[in-house]
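Let's take a look at this chain together, from its overall layout down to its core. Have the sequence and the 3D view open as you read.

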Amino acid sequence: MSIAAIEELRAVAEVHPEARTQAAWLWEIVLSLDDQQRGKFFRFVTGSSRRPSAGVTSFRIGPKSGGDGAYPFAHACANALDMPSYSSRAVLRERLVAAVEAAHDKFTDL
């Protein structure tokens, strides 16, 4: 997945005030990933490995309880991501990559 597609997602993102720090870390992490990993992330949060022909029109980032022990939760049909308040960027990266990888084999594109 290209950086442009991730930047498009970022441009339309609505971030809940309680998730601002996590969202800032999220974009740093996602932009540092390789194309394949970014593609898996895009699929995790949108349910598709393909960018919509009309572009991405919405994406929501909200808070989630659980702290460092919890994983981010994607609502692919709603283009939304709920993220716990992690103690560090490193914990967010670890939990995000694990969640994306675990979900990768569960999705199928139609």
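What follows is a short tour of the fold, the surface and the nonpolar core.

## Fold and dimensions

Keep in mind that this is a predicted model. The chain has four helices and four strands, and reading from the N terminus they come in the order α-β-α-α-β-β-β-α.

How does the radius of gyration fit a compact globule? A compact globule of 110 residues would come in near 13 Å, and the chain has 13 Å, so the two agree. Along the principal axes, the C-alpha atoms take up a box of roughly 35 × 25 × 25 Å. Of the contacts with a separation of 6 or more, 61% link residues 24 or more positions apart.

Buried residues account for 40% of the 110 in the chain.

## The nonpolar core

Which residues touch the most other members of the largest nonpolar core? Out of its 26 residues, they are Leu26, Phe41 and Leu81. At least two residues of this core come from each of helix H1 (3-12), helix H2 (20-32), helix H3 (35-46), strand E2 (59-64), strand E4 (80-84) and helix H4 (89-104).

Leaving aside residues up to four places away in sequence, Phe41 touches Ile6, Leu9, Leu26, Val30, Leu81, Leu96 and Val100.

How values were computed: Residues are numbered from 1 along each chain as its sequence is written. This is a predicted model: local features need pLDDT of at least 70, side-chain atom pairs count only at pLDDT 80 or more; totals for chains, interfaces and linings use all residues. Side-chain values use heavy atoms; hydrogens and water are left out. The radius of gyration is taken over C-alpha atoms; the globule rule is 2.2 Å times the number of residues to the power 0.38. Buried means under 20% relative accessible area, exposed over 50%, partly exposed in between (1.4 Å probe, protein chains only). Contact means heavy atoms within 4.5 Å. A nonpolar core is a set of buried Ala, Val, Leu, Ile, Met, Phe, Trp, Tyr and Cys residues joined through side-chain atoms within 4.5 Å.
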